[in-house]
Amino acid sequence: SLIGSIEFKHTIKLLYIKNQYFELTQYIKNLRKTNNTLNDEQILIYSDALYRLGNYSQAIVAINLLSQDYPLDEKYFTLALYNKKLGNIKNALDLLKNLISKYPNSEYIKLSKLQSKILK
């Protein structure tokens, strides 16, 4: 098959670009069974695909697999949005408050303040 012949990194991107989120999540679940580790970009794609499918709690689990190198402000903001979708407003507000206090120069600061106002 075509998918089998392309390196899995390309397959992940290809499915994502084509908005084939369900196929993408299934593909990654199978990859993880064979102990292939995902890099941060692939984890983000995976969590976003889960999010777009409405699997918000799985998206949260996935985003928590990001490495220590991944920018925390971006991770907090994304987690806040996922929690908001799940209805975990307190968690979302805590994440935003953390981001605002720890990363005052973040590019997410304005969005975080706006989200905080909306959620309160």
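Trainee: What should the 15 residues of H6 span at 1.5 Å a residue, and how far apart are its end C-alpha atoms?
Mentor: The 15 residues of H6 should span 21 Å, and the end C-alpha atoms are 21 Å apart, so the two values agree. The expected span is 1.5 Å times one less than the number of residues. Helices here are DSSP runs of H or I with at least four residues, strands are E runs of at least two, and both are numbered from the N terminus.

Trainee: Before I go on, where do these values come from?
Mentor: This is a predicted model, where local features need pLDDT of at least 70 and side-chain atom pairs count only at pLDDT 80 or more, while totals for chains, interfaces and linings use all residues. Residues are numbered from 1 along each chain as its sequence is written, and side-chain values use heavy atoms, with hydrogens and water left out.

Trainee: OK, how many helices and strands does the chain have?
Mentor: Eight helices and zero strands.

Trainee: Back to H6. Which of its residues are buried?
Mentor: Asp73, Lys75, Tyr76, Phe77, Thr78, Leu79, Ala80, Tyr82 and Asn83. Buried means under 20% relative accessible area, exposed is over 50%, and partly exposed is in between, with a 1.4 Å probe and protein chains only.

Trainee: And what covers them?
Mentor: The cover includes helices H4 (40–52), H5 (56–63), H7 (89–102) and H8 (109–119).

Trainee: Then what does Asp73 touch?
Mentor: Leaving out residues up to four places away in sequence, Asp73 touches Leu99, Tyr103, Ser106, Glu107 and Tyr108. Contact means heavy atoms within 4.5 Å.

Trainee: What follows H6?
Mentor: Gly87, with a positive phi near 90°.

Trainee: New topic: which residue other than glycine has a positive phi, near 60°?
Mentor: Asn19. Asn19 sits in the loop between helix H2 (8–17) and helix H3 (21–33).

Trainee: Last one: how much of the whole chain is buried?
Mentor: Of its 120 residues, 38% count as buried.
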